[in-house]
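Let's take a walk through this structure together.

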Amino acid sequence: MVHTNFRFKNIQKGGCLLEYVEFLEQVKLTVQEKTGRETKVSIGQQMKNNREGAGSITIQQTGGNIAPVIDLAPYYEEHQAGKTLEAIAEEILEVYRQKKTCGTIDLSFYTDYEKVRNCISCKLVNYERNSYLLERVPHQRFLDLAIVYHCAVENALIGKGNILIQNAHLELWDTDLKELHDAAISNTIRCYPYELIEISDMLAELVGSLPKEEKPLYPMYVLTNTQRCYGAVNLILHPVLEAIAEKLESDFFVLPSSIHECMIVPVSEEIHPKELHQMVHEINLEHVAPEEILGESVYRYQRQKGRLFTAWEAYSV
C-alpha cells in the first residue's frame, strides 16, 4: 500500500467512496488497459523534498529500463473536482508520450562504488520537513537542516540528471556514511565552485536594471554555485564561509532563500535577526516553490569562532 500524508477527501465514483489509495490503483488499471502489453504500468512513491512519499505512476515500455515517473497528487485533486478516471488517464498518457524515451541504459556502472565515487556530491534539505525521506537515505544533521547525497549521471538518451543516494546504495557499495560524506564534500568543492554575487547584480541579471527605489537598503549578496543548482550547500563548507567573512571583513547573517541559494547580509547594528526572519518567511511564502524551500531560520557566521549558529544562539553566546 502506498503511504501518503495527503489529507484528501473521499470522492464519489459510481455511488461508492473512492479513497486516495484506491484512486491510485484505478488509475493504474485504466492506464494499463489503454497501453496494453507494450508497457508495464506500476504505482510507486516519490521522495521529493519537503514531501512525504507521494503516489506516482511509472509507464515502462516492454524490454526497456527507462521510464518517466509522473506525480499523481495533482490528478487526484482534479478527480476531486469532478474529472473522470478516463480523462485523467488520457492526460497521464499525454505526459508519458512527451517524456518517454525508447531504449535501455547500462546501469552496471552504478553497482561499483569506485566508478561513481567522483560523481557524488551533497545538498541541503530541511530536517523536520523531510522525516519520510531521511528515514530512507543516508544523511547527517546540520543545525536544523540535513545533508543528503546524490550522484550525477549523464546519458545520451536522458541527458543529465541526479540519483538520490539511498540506504540500499551504501549496502550495495559496501561503504559507510563517513566515506560517502568525505567524497561528497570534496567533489562538491571541486565540481560546484561557489559564487558570491551582489543581490542587485543578480536581480539585474534576471530582470534587467532595477529602479533606484527597489535597491536594497543595506548590502546583500547571493551565495550559490556556478551551476545555480543546490547552491545552499555552501553553508556547510567552512572554506567558503571563511572566504566570505574575509571578503566582508565582518560577521554575517545567512538567510536560506531556497535549496539553491542563500542571501548573505553583513552584521550591523541596524539589522536585527527578527527583521531578517520575516524577510525569509515572506520569500518562502510568495516566491519559492514548496519543494525548493530550505527553511525559515536565520543563521549568523561568527568570524572569530569560525562557526555558523542560528542567529538567536549567536546572540546568546
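Searching the whole structure turns up 10 salt bridges, where a salt bridge is a side-chain nitrogen of Lys or Arg within 4 Å of a carboxyl oxygen of Asp or Glu. Side chains of opposite charge can pair when their charged atoms come close. Keep in mind that you're looking at a predicted model, in which local features need pLDDT of at least 70, side-chain atom pairs count only at pLDDT 80 or more, and totals for chains, interfaces and linings use all residues. Residues are numbered from 1 along each chain as its sequence is written, and side-chain values use heavy atoms, with hydrogens and water left out.

Start with K34, whose side chain meets that of E86 in a salt bridge (2.5 Å, N to O). This pair links distant parts of the chain, with E86 in helix α3 (residues 85–99) and K34 in helix α1 (residues 20–35), 52 residues apart; helices here are DSSP runs (H or I, at least four residues), numbered from the N terminus. K34 also forms a salt bridge with E90 (2.9 Å, N to O). Shared partners join K34, E86 and E90 into one network. K34 is partly exposed at 31% relative accessible area (buried means under 20%, exposed over 50%, partly exposed in between, using a 1.4 Å probe and protein chains only).

Now, how many disulfides does the whole structure have? The search finds 0, a disulfide being a pair of cysteine sulfur atoms within 2.5 Å. Take C119: its sulfur is 5.0 Å from the closest cysteine sulfur, in C151, so the two are too far apart for a bond. C151 is buried at 0%, whereas C119 is partly exposed at 32%.

Conventions. Helices (H or I, at least four residues) and strands (E, at least two) are DSSP runs, numbered from the N terminus.
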